[in-house]
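Hi,

Please have a look at it first and then read on.

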Amino acid sequence: KMLHRLIGEDIDLSWSPGFELSHVRIDPSQLDQIMANLCVNARDAIAGIGKIEIFTDNVTVDTAERARVGDLASGQYVRLVVADSGCGMSPEVMERIFEPFYTTKQLGRGTGLGLATVFGIVKQNGGHIEVTSSVGKGSVFTVYLPAVTKSPEELEQEKKRPAGGTESVLLVEDEPAIMEIGATILKQLGYRVYPAASPEEAIDIAENSKAKIDLLLTDIIMPGMNGRDLSERLLESRPGMKCLFMSGYTSDVIAERGKIGAEMCFLQKPFSVESLALKVREALSG
């Protein structure tokens with residue numbers, strides 16, 4: 001409806017959407033700007049009665065095609081084409097049409113920013129735009145936008161997914177259920193996990209393994225040795241290791257039995273995926 005109002009009644013608007021189009025990731029208002037600017041440009045190129053054709057389809061850009069469509073990477077794209085029956089452009093004009101403030105329109109008919117805006121939006125979204133035209137034979141603007149194979153719902157979930165990493169974590173926990181949950185979450189976040197069911201097992205892993213340990217994630221209160229003493233023991237041979245302590249006990253018990261001060265990086269149990277992910281990144285960045 002917006003485009004019909006922009007171009008007027010004398011110009012026939014043909015709209016042919018493609019079948020089962022892939023998703024693209026773009027701000028809808030930016031797509032509105034692309035369509036409005038391309039159609040206004042086409043309208044101004046038509047003297048009197050004419051036609052604007054719009055169609056979309058899925059395309060694959062392969063190695064051979066890349067030479068023609070510029071700096072696009074090989075892959076799947078959604079193609080948007082706006083063609084008009086207007087006056088067309090000379091090669092000299094085509095070389096400059098995406099320059100800001102360049103216009104061939106009469107004074108007061110345009111600012112020269114419409115196509116520059118389209119160009120900027122397309123590039124910002126990882127796409128490409130090309131134009132073919134000749135004097136008296138109209139113009140065709142073709143926009144390529146990267147296809148997104150995941151649904152909008154999946155993309156939204158990805159945005160909410162907590163940050164992970166690739167560092168190595170020595171996880172020390174004497175409760176099997178918590179050990180299993182913690183190790184599973186950390187692995188899903190991308191970390192390499194070395195599980196230890198006791199302080200003694202953690203010391204054995206640290207002293208008899210050449211693997212790098214970026215973070216010690218340990219329960220504070222355990223039989224035989226608390227988490228603070230364990231960390232001091234391991235830091236003697238691994239001084240660059242970061243430490244994150246966790247416990248389900250109240251703060252007064254932790255302070256008394258765990259030797260943990262306010263300055264230490266601490267995770268309260270039970271923990272969520274988000275809280276574990278956040279605290280691990282905080283500890284590694286500290």
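Let me start with Thr142, which counts as buried because its relative accessibility is 9%, where the cut-off for buried is under 20%. This is a predicted model, so please read everything below with that in mind. Thr142 is part of strand β6. Leaving out residues up to four places away in sequence, Thr142 touches Arg79, Leu80, Val81, His128, Ile129 and Glu130. From Thr142 to Ile54 the C-alpha to C-alpha distance is 9.9 Å, although 88 residues separate them in sequence.

Which residues touch the most other members of the largest nonpolar core? They are Ile34, Leu38, Ile52, Ile54, Ile97 and Phe141, out of 28 residues in that core. At least two core residues come from each of α1 (2–7), β1 (11–16), α2 (28–45), β3 (50–61), β4 (75–84), α5 (114–124), β5 (128–133) and β6 (139–148). Of these, α2 gives the most, with 5 residues. Apart from this core lies another one of 21 residues, including Leu186, Val193, Leu267 and Phe271. As a general point, nonpolar side chains in soluble globular proteins tend to be buried together.

In general, an α-helix has 3.6 residues a turn, so residues three or four places apart point the same way. Just after α5, Gly126 has a positive phi of about 75 degrees.

Two or more lining residues come from each of α1, α2 and β4, and α2 gives the most, with 3 residues. Sorted by class, the lining has 10 nonpolar residues, 1 polar and 2 charged.

Is Thr218 buried or exposed? Thr218 is buried, because its relative accessible area is 0%. Thr218 lies in strand β9, which covers residues 215–219. Neighbours within four places in sequence aside, Thr218 is in contact with Val172, Gly227, Leu230, Leu244, Phe245 and Met246.

Finally, some totals for the chain. It has 11 helices and 11 strands, and 41% of its 286 residues count as buried. Among contacts with a separation of 6 or more, 68% are between residues 24 or more positions apart. The accessible surface comes to about 16100 Å², and carbon and sulfur atoms account for 53% of that.

Happy to talk any of this through.

Best wishes

Key. Residues numbered from 1 in each chain as written. Predicted model: local features only at pLDDT ≥ 70, side-chain atom pairs only at ≥ 80, totals over all residues. Heavy atoms only, no water. Core = buried A, V, L, I, M, F, W, Y, C linked by side-chain atoms within 4.5 Å. Buried < 20%, exposed > 50% of the residue type's maximum accessible area, 1.4 Å probe, protein only. Helix = DSSP H or I, 4+ residues; strand = E, 2+ residues; numbered from the N terminus. Nonpolar A, V, L, I, M, F, W, Y, C, P; charged D, E, K, R; others polar. Contact = heavy atoms within 4.5 Å. Areas by Shrake-Rupley, 256 points an atom, 1.4 Å probe, with all protein chains shown as cover.
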